[in-house]
Amino acid sequence: MYSQGLIGADGRSDETPEFLAAFQARVDAEEKIEPNDDMPEGYRRTLVRQIGQHAHSEIVGMLPEGNWITRAPSLRRKAALLAKVQDEGGHGLYLYSAAETLGVTREQMTEELLDGRAKYSSIFNYPTLSWADIGTIGWLVDGAAIMNQIPLCRCSYGPYARAMIRVCKEESFHQRQGYEIVMKLAQGTPEQKAMAQDALNRWWWPSIMMFGPHDADSQHSDQSMAWKIKRFTNDELRQKFIDATVPQAEYLGLTLPDPDLKWNEEKGGYDHGPINWDEFWSVVKGHGPMARDRIKARRKAWDDGAWVREAALAHAEKRKARREAAPLAAE
């Protein structure tokens, strides 16, 4: 999922070989890199791009699910979905804060998202057409996110790694919630099971694409793994996800929409059919079914919230002025 954050990343570094070797030795020793530590500029830029796009994905990811809060089939489902969407907003805030420790501002990151320089996960450019989509997003999309995010808890950059610990705990709840929704539908009426199957048919391949291009086509993965920003390759994570998900679908009595999916005894995992990379790159480049709507919604939220940001800054300035004036008044 957040391997997509490396697309277009600039990992070039102009530091001396001695500096780069010393930094790599710290990374290899599993030392955490902290905001005030010296680091290669390429390392910093790579993190800014990946963490920023991870944060954008959490915030944009609220939109397809928020679309169903008022249409959830029961009060219990409504409350759970509302809590989940709220969690995603919190994840975005953790991650924006982590990125800010690298010297970039939230305003800068948001402007880059709105003008197209920054991206978010391609999965959120697809529409949620039925209630079954909400369950399938929790099961597959959050499941894929967990597969990506658990290794990030061991990322070499301290603030990112620490933020991911809480994010992963909450995402695990989201995945279980989604699977339970799909299970209820799969065990319900024929119409409900058909709805669950339809959602699975539409979300399976986009979920597989979340892990990013094949390793042979991923230009920045090697450097990111050397710096221990990533711990596994795109294809390794994709394989783990497929191997974990196939038995879950079988338990539900649903069919994954891949006629080439079969167990490979030699490698101890499932082989899968070809991925439509033309669709993937089209969506990544902003041509997904909901791409314009997502950016339009983010731009509106950013513009509508300008007065709140201005008021908060003004209040902070007043408090600062009062604190500075207090010692003078005491004299």
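Predicted model: local features only at pLDDT ≥ 70, side-chain atom pairs only at ≥ 80, totals over all residues.
A residue is called buried here when its relative accessible area is under 20%, exposed when that area is over 50%, and partly exposed in between.

F211 and F241 are both buried. The model holds 10 aromatic pairs, and F211 with F241 is one of them, with 5.5 Å between the ring centres and 45 degrees between the planes, a tilted arrangement. F211 belongs to the loop between α8 (190-209) and α9 (221-226), whereas F241 belongs to helix α10 (residues 234-252), so the pair ties together parts that lie 30 residues apart in sequence. The angle is what makes the pair tilted, because planes under 30 degrees apart would count as stacked and planes over 60 as edge-to-face. Elsewhere, F23, Y43 and W227 make up one aromatic cluster.

R71 lies over the face of W68, 3.9 Å from the centre of the ring. In the other case, the charged end of K240 is placed over the ring of F232, at 4.9 Å from the ring centre.

Charged side chains also pair with each other. Side chains of opposite charge can pair when their charged atoms come close. The count of salt bridges in the model is 20.

The side chains of K84 and E65 form a salt bridge with an N to O distance of 2.4 Å. This pair links distant parts of the chain, since K84 is in helix α4 (residues 75-100) and E65 is in helix α3 (residues 62-66), 19 residues apart. Are K84 and E65 buried or exposed? K84 has a relative accessible area of 2% and is therefore buried. E65, at 3% relative accessibility, also counts as buried.

R76 counts as exposed because its relative accessibility is 55%, while E180 counts as partly exposed because its value is 22%.

Two packed helices are described by the angle between their axes and the distance between the axes. The axes of helix α2 (residues 41-60) and α4 come within 8 Å and cross at roughly 165 degrees. That angle makes α2 roughly antiparallel to α4, because angles over 145 degrees are placed in that class. The crossing of α2 and α4 is left-handed.

E31 is located in the loop between α1 (17-28) and α2, and its side chain meets that of R26 in a salt bridge at 2.8 Å, N to O. Which residues are linked in a network with this pair? R26, E31 and D37 are joined in a network of salt bridges. E31 is partly exposed because its relative accessible area is 37%, and R26 is partly exposed because its value is 24%.

The last topic is the backbone. Most residues other than glycine have a negative phi, and most peptide bonds are trans. E30 is not a glycine, yet its phi is positive, about 65 degrees. Like E31, E30 is in the loop between α1 and α2. E30 counts as partly exposed because its relative accessibility is 42%. K228 also has a positive phi, near 60 degrees, and is a residue other than glycine. K228 is placed in the loop between α9 and α10. With a relative accessible area of 17%, K228 is buried, because that value is under the 20% limit.

How values were computed. Residues numbered from 1 in each chain as written. Heavy atoms only, no water. Salt bridge = Lys/Arg side-chain N within 4 Å of Asp/Glu carboxyl O. Buried < 20%, exposed > 50% of the residue type's maximum accessible area, 1.4 Å probe, protein only. Helix = DSSP H or I, 4+ residues; strand = E, 2+ residues; numbered from the N terminus. Phe/Tyr/Trp six-rings, centres within 6.5 Å; stacked < 30°, edge-to-face > 60°. Lys NZ or Arg CZ within 6 Å of the ring centre and 35° of its normal. Axes fitted to C-alpha atoms, helices over the stretch in contact; angles between N-to-C directions. Parallel < 35°, antiparallel > 145°, perpendicular 65-115°, else oblique. Left-handed = near helix turned anticlockwise from the far one by under 90°.
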